[in-house]
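Me: I would like to go through this structure with you and ask, for several of the labels used, what stands behind them.
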Amino acid sequence: MSWYLTLPLVIPFAASIIAFLLRDNAMGRWVSIMGSGLGLAASIVLMVVVLEQGVIAGQMGNWPAPFGITLVADLLSAVMVLITAITGFAVAIYALGDITERQERLGYHALFQILLAGVTGAFLTGDLFNLYVWFEVMLIASFGLLILNGGKEQIDGGVKYVALNLISTILFLTGIGLLYGMTGTLNFADLALKVNEVENQGLLTVVAMMFMVAFGVKAAVFPLFFWLPAAYHTPSFSVSAVFAGLLTKVGVYALIRMFTMVFDHDIGFTHTVLLWVACFTMVIGVLGAAAQSDFRKILSFHIISQIGYMVLGLALMTPLALVGAVFYLVHHIIVKANLFLIAGIAKRLTGGTDVYKIGGLYKSAPLLAILFLIPAFSLAGFPPLSGFWAKYIIVKATLDLELWFVAFIALAVGLMTIYSMTKIWAEAFWKPHPEGIEPALKTLPHKAAQIIPVAGLAVLTIIIGLSPEPFVIFAERTTAQLLDPTAYITTVLGETK
Amino acid sequence: MNSIILVAGARLQVVLLLVFSAYMMLRGHNAPGGGFIGGLIAATGFVVYAIACGTSDARKALRFDPANIAGVGLGIALLAGVIAVFWGDALFTGQWLFIGATEDSKGIPLSTVLVFDIGVYLVVLGAILSITFALEEAV
């Protein structure tokens with residue numbers, strides 16, 4: 001058992017417990033930052049180990065697979081864990097200037113660390129039921145964060161969020177039960193082998209659809225996305241940045257994992273459904289964003305449309321398309337979390353999040369304007385930023401399959417994204433503030449704590465954009481592992497099987 | 001509530017419930033019981049006390065903030081899992097110590113599993129009491 005696998009999980013749990021016991025004390029926030037920093041170090045180590053040794057697996061409590069709980073890290077898991085840790089670290093620093101003392105006393109840092117642990121666990125687990133448990137950990141922690149010291153609006157968003165997510169949970173559990181009844185196992189690697197022996201392949205497709213709906217709610221795809229724009233604009237900005245960056249992506253990750261490794265028996269049906277879902281998700285999300293005027297609501301709807309691109313990559317199921325999906329996942333988490341963090345700074349400077357009621361940021365806070373431009377243009381797919389390459393690969397994959405209409409949608413949605421970003425730019429940044437406020441950065445109480453994470457994430461976006469080659473090669477290796485899970489299966493189950 | 005009968009009865013019950021909860025937790029490894037049930041029973045004891053004498057008295061009797069008890073419990077449970085590293089085993093691998101073991105009997109078996117159970121006991125006790133005390137005080 002390698003401790004590389006468990007450290008990214010143990011560290012946030014330990015940090016959470018210490019931060020909780022120190023919640024009445026200013027030390028709590030430093031514990032949170034230190035925990036996230038250590039977690040980042042641990043996930044870098046994990047990434048390096050996986051790059052060098054290939055897939056690594058460990059059995060919790062030494063119970064052999066498929067009976068015990070397996071933790072596995074292949075390249076996809078490792079990169080998701082790493083990106084989670086990066087986002088977590090950035091947001092933990094940002095929280096210094098964003099979270100009030102009252103929220104700290106109610107246990108913000110503990111919940112935040114538990115959320116990171118839940119997300120990391122979902123990426124690392126090699127067991128379907130354990131995945132459900134991590135989903136619950138995430139759900140409880142995120143519900144706590146949503147309503148922490150909140151008013152009516154927060155409770156309202158939180159209830160919608162929890163209600164819809166519970167429906168997804170019930171479906172997920174039902175699916176798990178049925179799948180276990182058919183195959184007698186819940187270990188991913190074992191499932192990948194056993195599903196081929198199931199006699200009633202039609203029933204397997206039914207179960208696959210249940211999982212698609214369950215993960216679809218988590219990923220906020222069409223038509224199951226309602227909870228997302230209802231909830232994401234209500235909590236503190238640190239919280240919504242983590243949510244926007246990570247939570248829906250766990251759903252996408254679960255979809256990718258299940259629909260490449262386990263449910264690949266009827267691609268003609270399941271992946272066609274995914275293709276339509278992806279197209280509708282892209283279009284609805286971007287149209288929804290066009291109708292909004294709240295900074296965070298615009299961004300929330302853009303999460304939905306971007307999820308469409310990732311699902312599209314999965315739906316096409318060609319190596320190139322999956323490369324695009326993986327690339328998109330990584331790029332999107334960084335960019336989206338960053339945009340929410342910037343929205344937080346903008347709110348602090350101008351006093352609002354409705355873009356029509358604020359303004360003047362370009363003139364009085366040019367640094368923030370530049371920092372906004374980078375992720376915004378990246379999101380819209382401007383070369384040479386990371387989003388351009390992500391979109392380019394996906395569109396190229398659709399063109400290779402001669403799906404002209406889908407390619408057209410993907411490109412048109414990109415254009416519409418620019419429209420929304422321009423709206424934010426023109427209203428919040430270019431036009432003077434309607435009340436004559438000149439929102440300068442130096443009025444920010446915790447300037448460094450808020451600017452540094454934003455700048456760091458922007459630099460990452462630029463790095464991915466300017467030298468995409470290593471990242472694409474990495475995504476290709478990831479995809480190779482996904483399409484041929486032999487290494488994954490033998491590592492988990494041992495060579496004998 | 002100021003009923004003398006209830007207060008007098010509650011004092012007896014609390015003691016019984018706490019002893020019983022410890023018994024339930026300890027027998028949990030091989031028979032029905034365990035940290036979760038033990039914690040629930042212990043929580044029942046304090047809830048009965050809170051109903052009879054009020055939550056402020058119950059908080060005093062508990063001595064610690066229930067939320068902190070839950071936090072410490074979680075820490076103990078985590079430690080019980082992490083401690084396996086000193087034997088080079090996987091996370092949460094049970095480590096056993098048999099005191100006075102002979103060829104015929106295993107003596108007194110002690111294990112990290114029990115430590116984990118104690119952690120669960122405290123988490124359940126702390127969490128249930130945080131919730132019920134908060135509800136009682138809100139009413």
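Reply: Let us start with Met317(A), which in this predicted model sits in the loop between helix H13 (295-316) and H14 of chain A.

Me: What makes Met317(A) count as buried?
Reply: A residue is called buried if 20 or more other C-beta atoms lie within 10 Å of its own; Met317(A) has 21 other C-beta atoms within 10 Å, and therefore it is buried. The phi of Met317(A), near 65°, is also positive, although this residue is not a glycine.

Me: What else is found in the loop between H9 and helix H10 (227-231) of chain A?
Reply: Pro223(A) lies there, joined to Phe222(A) by a cis peptide bond with an omega of about -5°. Another cis peptide bond, with omega about 5°, joins Pro383(A) and Pro384(A), and Pro384(A) belongs to the loop between helix H16 (366-380) and helix H17 (386-400) of chain A.

Me: How do you know whether H9(A) and H12(A) are roughly parallel or roughly antiparallel?
Reply: The axes of helix H9 (residues 201-219) and helix H12 (residues 267-291), both of chain A, come within 10 Å and cross at roughly 25°. Since angles under 35 degrees count as roughly parallel, H9(A) is therefore roughly parallel to H12(A). On the H9(A) side the contact is made by Thr205(A), Ala208(A), Met212(A) and Gly216(A), and on the H12(A) side by Phe269(A), Thr270(A), Val273(A) and Val277(A). By class, this contact has 5 nonpolar, 3 polar and no charged residues.

Me: Which residues touch the most other members of the largest nonpolar core?
Reply: In this core of 235 residues they are Val311(A), Leu314(A) and Ala337(A), while helix H14 (residues 319-350) of chain A gives the most to the core, with 21 residues. Leaving aside residues up to four places away in sequence, Leu314(A) touches Leu255(A), Ile256(A), Phe259(A), Leu274(A), Leu322(A) and Ala325(A).

Me: How many residues of chain B are in contact with chain A?
Reply: There are 13, in contact with 14 residues of chain A, and the chain B side divides into 7 nonpolar, 5 polar and 1 charged.

Methods: Residues are numbered from 1 along each chain as its sequence is written. Chains are lettered from A and ligands numbered from 1 in the order in which they are written. This is a predicted model: local features need pLDDT of at least 70, side-chain atom pairs count only at pLDDT 80 or more; totals for chains, interfaces and linings use all residues. Axes are lines fitted to C-alpha atoms, for helices over the stretch in contact, and angles run from 0 to 180 degrees between N-to-C directions. Helices (H or I, at least four residues) and strands (E, at least two) are DSSP runs, numbered from the N terminus. Angles under 35 degrees count as roughly parallel, over 145 as roughly antiparallel, 65 to 115 as roughly perpendicular and the rest as oblique. Two residues are in contact if their C-beta atoms, placed from the backbone, lie within 7 Å. Ala, Val, Leu, Ile, Met, Phe, Trp, Tyr, Cys and Pro count as nonpolar, Asp, Glu, Lys and Arg as charged, and the others, Gly among them, as polar. A nonpolar core is a set of buried Ala, Val, Leu, Ile, Met, Phe, Trp, Tyr and Cys residues joined through C-beta atoms within 7 Å. A residue is buried if 20 or more other C-beta atoms lie within 10 Å of its own, exposed if 12 or fewer, and partly exposed in between; C-beta atoms are placed from the backbone.
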